[in-house]
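User: I'm new to reading protein structures. Could you walk me through one, feature by feature?

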Amino acid sequence: MRKPVGILTVKVVRAIKLKKKDLLGASDPYVKLKLTEDKLPSKKTTVRHKNLNPEWNEEFHLVVKDPESQALELLVYDWEQVCYFKSLVLTQNSNP
């Protein structure tokens, strides 16, 4: 078990031109954030209903244990009432 070496602060600002996933031509996007090689649960933004250009302006703090091997993973999903999740964009990875 590695000890934490720092805190990564990530601000999810907005997304632009997301794919339409709902039957009525919209999406209900939210973002999941996670550091690779981390056993902790993902962090999540709030859901922005019926919005293809959502703004979140939400800040998250993730514990970094190994900055050489860990990468930040951001996944954008569509949320629906029945809790079926669809990916809206490709994964973006970058080293913290």
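User: In what order do the elements of the protein run from the N terminus on?

Analyst: Keep in mind that this is a predicted model. Starting at the N terminus, the order is β-β-β-β-β-β-β. Counted up, that gives zero helices and seven strands.

User: How do I read which strands pair up, say for strand 2 and strand 5?

Analyst: Look for bridges, with at least two needed for a pair. Strand 2 (residues 29-35) and strand 5 are joined by seven bridges, and the two run antiparallel. For one spot to look at, find Lys-34: Glu-73 in strand 5 stands opposite.

User: Is strand 5 mostly covered or mostly open?

Analyst: Mostly covered, with five of its seven residues buried. Here's a general idea to carry along: side chains in a regular strand alternate between the two faces of the sheet.

User: Which residues does Val-64 touch?

Analyst: Leaving out residues up to four places away in sequence, Val-64 touches Pro-4, Val-5, Gly-6, Leu-8, Leu-35 and Gln-70. Take Leu-8: Val-64 is 56 residues from Leu-8 in sequence, yet their C-alpha atoms are 6.5 Å apart in space. Across the protein, among contacts between residues at least 6 apart in sequence, 63% join residues at least 24 apart.

User: Gln-70 was on that list of contacts. Where is Gln-70 found?

Analyst: Gln-70 sits in the loop between strand 4 (55-64) and strand 5 (72-78). Gln-70 has a relative accessible area of 2%, so it is buried. Its side chain reaches the backbone nitrogen of Lys-65 at 2.8 Å.

User: And Leu-24, is that one buried or exposed?

Analyst: For exposed, the cut-off is over 50%. Leu-24 counts as exposed because its relative accessibility is 82%. Leu-24 is in a loop as well, between strand 1 (6-14) and strand 2.

User: How much accessible surface does the protein have?

Analyst: About 6,600 Å², and carbon and sulfur atoms account for 53% of it.

Technical notes:
Residues are numbered from 1 along each chain as its sequence is written. This is a predicted model: local features need pLDDT of at least 70, side-chain atom pairs count only at pLDDT 80 or more; totals for chains, interfaces and linings use all residues. Side-chain values use heavy atoms; hydrogens and water are left out. Helices (H or I, at least four residues) and strands (E, at least two) are DSSP runs, numbered from the N terminus. Buried means under 20% relative accessible area, exposed over 50%, partly exposed in between (1.4 Å probe, protein chains only). A polar contact is a pair of N or O atoms within 3.5 Å; within protein, one must be able to donate a hydrogen and the other to accept it, and residues adjacent in sequence count only if both atoms are side-chain atoms. Contact means heavy atoms within 4.5 Å. Accessible areas come from the Shrake-Rupley method with a 1.4 Å probe; for residues, only the protein chains shown count as cover.
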